[in-house]
Amino acid sequence: MNFNVKKVKIFVTVPKDNLEEVRTAMCNAGAGIIGNYTFCSTSTKSIGTFIPNDIANPYIGEQNKLEVVEEEKLEVICDIENVKKVVLELRKKHPYEEPAIDIVPLLDESNF
């Protein structure tokens, strides 16, 4: 079976205070379009943990110390041709040095 991937889902964790800025940047760049609707997204509360190493420049926390942060996991659908632009805009607005970004290919129900 061959699948033609036309859409992906982009997941990113964001400190709750920065959620709307990142969501707006991603949607303005072309993510979050489902049929006749734009700015489609969902977010769920999450708890992120990390330890910045000696050369990190953390937005939150201190080097070599475990940090626990209230975050939101933001999810948006994105056409494959817009992914690079959306991720570029996400990175411009995201406060972390290294945001955790997952890009997952989606199968359309017409494939089955």
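User: How many salt bridges does the structure hold?

Analyst: The model is a predicted one. Side chains of opposite charge can pair when their charged atoms come close. A pair counts here when a side-chain nitrogen of Lys or Arg is within 4 Å of a carboxyl oxygen of Asp or Glu. The number of salt bridges in the structure is 7.

User: Lys-9 forms a salt bridge with Glu-75; how many residues apart are the two?

Analyst: In this pair the closest N and O atoms are 3.4 Å apart. Lys-9 belongs to strand E1 (residues 7-15), and Glu-75 belongs to strand E3 (residues 67-79). The pair therefore links distant parts of the chain, with a separation of 66 residues.

User: Is Glu-75 buried or exposed?

Analyst: The cut-off for a buried residue is under 20% relative accessible area. Glu-75 has a value of 16%, so Glu-75 is buried.

User: Which parts of the structure are tied together by Glu-70 and Lys-16?

Analyst: The side chains of Glu-70 and Lys-16 meet in a salt bridge at 3.1 Å, N to O. Both residues count as partly exposed, Glu-70 at 48% relative accessibility and Lys-16 at 46%. The two are 54 residues apart in sequence, so the pair ties together strand E3, which holds Glu-70, and the loop between E1 and helix H1 (19-28), which holds Lys-16.

User: In which helices are Glu-21 and Lys-93 found?

Analyst: The side chains of Glu-21 and Lys-93 meet in a salt bridge at 3.9 Å, N to O. Glu-21 counts as partly exposed at 41% relative accessibility, and Lys-93 is partly exposed with 38%. The residues are 72 apart in the chain, Glu-21 lying in helix H1 and Lys-93 in helix H2 (residues 83-93).

User: What is the C-alpha to C-alpha distance between His-94 and Thr-13?

Analyst: His-94 lies in the loop between H2 and strand E4 (101-106). His-94 counts as buried because its relative accessibility is 5%. Although His-94 and Thr-13 are 81 residues apart in sequence, their C-alpha to C-alpha distance is 9.4 Å.

User: What is the area of the nonpolar surface patch that includes Ile-47?

Analyst: Ile-47 is located in strand E2 (residues 42-50). Ile-47 counts as exposed because its relative accessibility is 56%. Together with Ile-51, Leu-66 and Val-68, Ile-47 makes a nonpolar surface patch of about 410 Å².

User: Which element gives the most to the lining of the largest pocket?

Analyst: The largest pocket has a volume of about 380 Å³. Its lining comprises 19 residues, with Phe-50, Tyr-96, Glu-97, Glu-98 and Pro-99 nearest the centre. By class, the lining divides into 11 nonpolar, 5 polar and 3 charged residues. With 5 residues, the element that gives the most to this lining is E2.

User: How many nonpolar, polar and charged residues line the second largest pocket?

Analyst: The second largest pocket has a volume of about 240 Å³. It is lined by 13 residues, and those closest to its centre are Lys-6, Lys-7, Leu-106, Leu-107 and Asp-108. The lining of the second largest pocket divides into 5 nonpolar, 4 polar and 4 charged residues.

Notes
Residues numbered from 1 in each chain as written. Predicted model: local features only at pLDDT ≥ 70, side-chain atom pairs only at ≥ 80, totals over all residues. Heavy atoms only, no water. Patch = residues over 30% accessible without salt bridge, like charges linked within 9 Å, V, L, I, M, F, W, Y side chains within 5 Å. Areas by Shrake-Rupley, 256 points an atom, 1.4 Å probe, with all protein chains shown as cover. Helix = DSSP H or I, 4+ residues; strand = E, 2+ residues; numbered from the N terminus. Buried < 20%, exposed > 50% of the residue type's maximum accessible area, 1.4 Å probe, protein only. 1 Å grid on protein atoms, 1.4 Å probe; cavity = no way out; pocket = protein on both sides within 12 Å on 5 of 7 lines; lining within 4 Å. Points joined across faces, edges and corners; volume = space filled by probe spheres on them. Nonpolar A, V, L, I, M, F, W, Y, C, P; charged D, E, K, R; others polar.
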